[in-house]
Amino acid sequence: MHINDIGHNYFHNADFRVERPQGSGDYLFVLLKTPAVFMLKDTEVFAEANSFILFDKGFQQIYRANGIEFLNDWFHFDAAQNEIEYLHGLNIPFNKIVQLDGINELSMIIKYMCYENYSVNPHRADSTELILKLFFNKLSENLYFTVKRGKDSYHDKLSVIRSKIYNMPYRKWNIEKLSALASMSASRFEHVYKNTFGVSAISDVIQSRIEYSKNLLCTTDIPVIKIAEMCGYNSAPHFIRQFRSRMNMTPAEYRGRTK
């Protein structure tokens with residue numbers, strides 16, 4: 001897939017209108033941040049904010065603002081037949097207005113794709129193609145996985161917290177701190193976290209520290225006692241016990257096998 005043109009957070013006045021009876025010659029994705037009106041097969045269709053449409057090549061592109069300003073993300077792209085079949089495999093509908101539960105993640109990906117597309121990075125074409133594939137994967141998850149987990153799910157908030165755990169393994173994480181981030185009671189947080197990810201939050205804390213320590217053991221000569229401190233442990237023996245429990249060997253033995 002190849003991006004031909006792209007825009008993020010494009011603003012237009014209330015009189016904004018697009019009329020391309022024969023389409024644009026390529027595929028067009030529009031992510032709406034304000035309501036709009038589309039003409040689909042000679043029928044006016046009203047679209048709410050937080051919805052999208054993916055226009056097939058050659059399909060008419062006729063739409064306008066719905067009485068107020070028009071704000072959207074969009075991109076034109078070309079794709080080979082096997083790539084279009086990939087999109088069909090993700091069950092992404094064409095030429096249809098689809099309401100989404102939320103668009104923040106998708107808009108963020110488009111923003112980054114826009115930056116990469118207009119950059120001078122030597123691998124920008126390949127990078128943009130990869131980001132575009134990621135976008136459609138995430139769109140499919142939004143459409144179908146979100147439905148399964150329900151609108152009242154804590155999944156997105158917990159995913160952010162889980163990311164913090166793995167990106168900052170050195171923090172002194174505990175259930176009280178983590179549940180406060182989720183604005184939940186400790187018992188409720190523990191239940192929902194395990195139900196969402198299949199493991200407890202504390203298990204993830206331990207695993208994040210073990211993964212971080214493995215990297216330090218492989219790539220540095222930092223003493224084990226210092227690595228324990230860098231990974232958030234109060235004592236080296238505690239670190240060694242948890243490392244042996246997860247890896248079936250001591251940190252020193254792991255370092256010896258990987259260096």
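Tyr-27, Phe-29, Phe-52, Phe-75, Phe-77, Phe-94, Phe-135 and Phe-136 form one aromatic cluster. Here the rings of Phe, Tyr and Trp (its six-membered ring) pair if their centres lie within 6.5 Å; planes under 30 degrees apart are called stacked, over 60 edge-to-face, and the rest tilted. By that rule the count comes to 25 aromatic pairs. One of them joins Phe-189 and Tyr-193, a tilted pair at 5.5 Å centre to centre with 45° between the planes.

A quick word on what you're looking at: this is a predicted model, where local features need pLDDT of at least 70, side-chain atom pairs count only at pLDDT 80 or more, and totals for chains, interfaces and linings use all residues. Residues are numbered from 1 along each chain as its sequence is written, and side-chain values use heavy atoms, with hydrogens and water left out.

Phe-189 and Tyr-193 sit four residues apart in helix 6 (residues 186-197), so about one helical turn separates them. Helices (H or I, at least four residues) and strands (E, at least two) are DSSP runs, numbered from the N terminus. Both Phe-189 and Tyr-193 are buried, and buried means under 20% relative accessible area, with exposed over 50% and partly exposed in between (1.4 Å probe, protein chains only).

Five of them form an open sheet in the order 1-8-3-6-9, with antiparallel pairing. Strands 1 and 9 stand at the edges with a single partner strand each, so one side of each has no neighbour in the sheet. Two strands pair if DSSP finds at least two bridges between them.

What does strand 6 pair with? Strand 3 (residues 27-32) runs antiparallel to strand 6 and is joined to it by five bridges, while strand 9 (residues 98-99) pairs with strand 6 in the antiparallel sense over two bridges. In strand 9, Val-98 is the bridge partner of Phe-52, and Gln-99 stands opposite Ser-51. Phe-52 also turns up in the aromatic cluster from the opening.

Strand 6 (residues 51-55) is mostly covered, with five of its five residues buried. In a regular strand the side chains alternate between the two faces of the sheet. In strand 6, Ser-51, Ile-53 and Phe-55 point one way, whereas Phe-52 and Leu-54 point the other way.

Which residues of helix 1 (residues 81-89) are buried? They are Glu-83, Ile-84 and Leu-87. These three cover an arc of only 100° around the axis, which means they are on the same side of helix 1; the arc is that of the directions from the helix axis to the C-beta atoms. The face turned away from that buried side carries the exposed residues Gln-81, Asn-82 and Gly-89.

**Positive phi values**

Just after helix 1 comes Asn-91, with a positive phi of about 60°. Asn-9 has a phi near 55°, also a positive value in a residue other than glycine. Asn-9 is found in strand 1 (residues 2-12) and is partly exposed, with a relative accessible area of 38%. Asn-50 is not a glycine either, yet has a positive phi of about 65°. You'll find Asn-50 in the loop between strand 5 (43-47) and strand 6, partly exposed at a relative accessible area of 28%.

**A buried serine**

Ser-213 is in helix 7 (residues 201-219). Is Ser-213 buried or exposed? Ser-213 is buried, with a relative accessible area of 0%. A polar atom of the Ser-213 side chain lies 2.7 Å from the backbone oxygen of Ile-210. Not counting residues up to four places away in sequence, Ser-213 touches Ile-227, Cys-231, Phe-239 and Phe-243, where contact means heavy atoms within 4.5 Å.

**Charges over rings**

A charge sits over a ring if NZ of Lys or CZ of Arg is within 6 Å of the ring centre and within 35 degrees of the ring normal.

| Arginine | Ring | Distance from ring centre |
|---|---|---|
| Arg-171 | Trp-173 | 4.8 Å |
| Arg-209 | Tyr-233 | 5.1 Å |

Terms used
Polar contact = N/O pair within 3.5 Å; in protein donor to acceptor, adjacent residues only side chain to side chain.
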